[in-house]
Amino acid sequence: MKRMATPGVLRLLESLADGTVEEFSPVINEDGEVSYPDVDRHLDVNDRDSYSVLESLAQREILYREFREKAYVCPECGRDGMMYTTVCAECGSQNTVEQELYKHVECGCLAPKNQFQVGEGEYVCPDCQLTVRPEQMDVLHRHVCQTCGESGAGSVGALRCRECLSVCEPQKAIEWVLYSYGFEQYGRQWLTTQLSARQALVEMLDDRGFTVEVDAYIRDDSNETPVHLYGEEDLLGDRVVGAVHERPNQQDVERLHMAATPVDARTILVSTSGTVTEQAEELAQTHDIGLLSYQQDGTLAREYTTATRAEGSSSMLKRLTSSVRRQLN
Ligand SMILES: [Zn+2]
Ligand SMILES: [Zn+2]
Ligand SMILES: [Zn+2]
């Protein structure tokens with residue numbers, strides 16, 4: 001189930017919008033995993049991990065996703081930045097040096113020139129002991145292992161950790177594909193709409209004598225729940241918790257209800273698309289949540305549309321066969 005515009009998600013998008021962050025860029029953290037510090041700092045404990053949040057925003061075309069690089073993490077110590085190296089295919093030593101070798105074509109013996117050469121222009125095969133002429137030999141360039149002396153097996157590619165210096169086969173390193181995320185044009189508009197709708201709700205409550213805090217936390221004994229806004233009215237001791245979502249679903253309704261329960265607050269849910277899912281509407285009625293829709297002219301209205309299909313995605317809009325317009329109160 002999607003959790004789109006949690007307070008944390010709005011905060012991180014605001015940091016992009018106001019230029020605090022140009023792009024959300026990945027780093028490999030202490031555990032050898034990809035993280036996005038500029039995202040993590042805005043998310044609350046009940047948000048999903050930064051990568052999942054960014055991916056879902058990219059799927060919604062609020063953010064673009066751009067390939068940055070591949071990172072190889074050491075399987076021994078979890079650090080990033082392994083270096084390419086070559087090792088002896090026989091013993092794994094990195095100490096292999098490319099050398100010029102002579103090969104006696106007839107018997108196949110392969111050895112450095114100095115083992116063939118017995119005098120000026122005179123060569124004897126160190127293996128079969130026959131005198132050989134230069135044209136009976138091939139000159140080859142091979143990696144020769146200085147540790148085990150092996151030259152036939154050659155050398156193979158490997159990765160070496162800069163931190164712990166361990167060497168591993170490339171396929172044993174942990175490969176991460178790293179992406180950066182930034183605003184799509186649509187994303188800026190989307191954020192503006194969400195924030196404007198939230199502000200409209202603030203002003204509506206303000207007019208009714210509420211002291212309103214946006215990006216607030218509702219605290220009870222065991223936990224704190226982030227909410228889009230919280231208002232208190234001193235005269236009657238009235239409290240209200242508000243949430244803003246593009247297309248409120250069942251989970252948005254449930255979360256709002258759960259957040260408001262500890263402080264016995266009334267609840268208002270704003271849909272910025274003017275639509276709520278059918279299940280969300282039912283549940284909102286059960287929990288006595290006021291549903292409002294944010295209008296093109298920047299006002300909040302009590303009328304909204306109920307989507308007959310629940311699961312939200314862009315394809316859902318196409319599957320939306322009928323909708324009911326309701327008038328509340
Ligand atoms: Zn070797
Ligand atoms: Zn020979
Ligand atoms: Zn390492």
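Predicted model: local features only at pLDDT ≥ 70, side-chain atom pairs only at ≥ 80, totals over all residues.

Colleague: What's the mean pLDDT of the protein?

Modeller: The mean is 89, and 92% of the residues reach 70 or more.

Colleague: Which elements have the lowest and the highest mean pLDDT?

Modeller: The lowest is strand β22, residues 323-326, with a mean of 32. At the other end is strand β17, residues 266-271, at 97. Over residues 310-329 the pLDDT is below 50. That stretch still has 36 contacts in the model beyond near neighbours in sequence.

Colleague: Good to know. Let's go to β17 then. What sheet is it in, and in what order do the strands come?

Modeller: An open sheet of six strands with mixed pairing, in the order β14-β15-β16-β17-β19-β20. The edge strands are β14 (211-219) and β20 (300-301), each of which pairs on one side only.

Colleague: Do tell me about β17 and β19: parallel or antiparallel?

Modeller: Parallel, with four bridges joining β17 to β19, which covers residues 290-294. One pair to look for is V270, whose bridge partner in β19 is L292.

Colleague: Switching to helices. How do the axes of α6 and α7 cross?

Modeller: The axes of α6 (residues 250-260) and α7 (residues 278-286) cross at roughly 25° and come within 7 Å. Angles under 35 degrees count as roughly parallel, so α6 is roughly parallel to α7.

Colleague: Which residues meet there?

Modeller: From α6 you have Q250, V253 and E254, and they meet Q279, A280, L283 and A284 in α7. Sorted by class, that contact has four nonpolar residues, two polar and one charged.

Colleague: Nice. Now the other sheet, the one with β5. What is its strand order?

Modeller: The order is β6-β5-β10, an open sheet of three strands with antiparallel pairing. β6 and β10 each have a single partner strand, so one side of each is left without a neighbour in the sheet. From one strand to the next, the twist averages 45°.

Colleague: How many bridges are there between β5 and β10?

Modeller: Nine, between β5 (residues 96-104) and β10 (residues 137-145). If you want pairs to click on, E100 stands opposite H141 in β10, and Q99 has R142 as its bridge partner there.

Colleague: And how many bridges on the β6 side?

Modeller: Three, in the antiparallel sense, with β6 at residues 110-112. Y102 has A111 in β6 as its bridge partner.

Colleague: What about the turn, how many residues sit between β5 and β6?

Modeller: Five, and the two strands form a hairpin. Have a look at G108 in the turn, which has a positive phi of about 85°.

Colleague: Great, I'll go and find those on screen.

How values were computed. Residues numbered from 1 in each chain as written. Chains lettered and ligands numbered in written order. Heavy atoms only, no water. Axes fitted to C-alpha atoms, helices over the stretch in contact; angles between N-to-C directions. Parallel < 35°, antiparallel > 145°, perpendicular 65-115°, else oblique. Contact = heavy atoms within 4.5 Å. Nonpolar A, V, L, I, M, F, W, Y, C, P; charged D, E, K, R; others polar. pLDDT = per-residue confidence, 0-100. Pairing = 2+ DSSP bridges.
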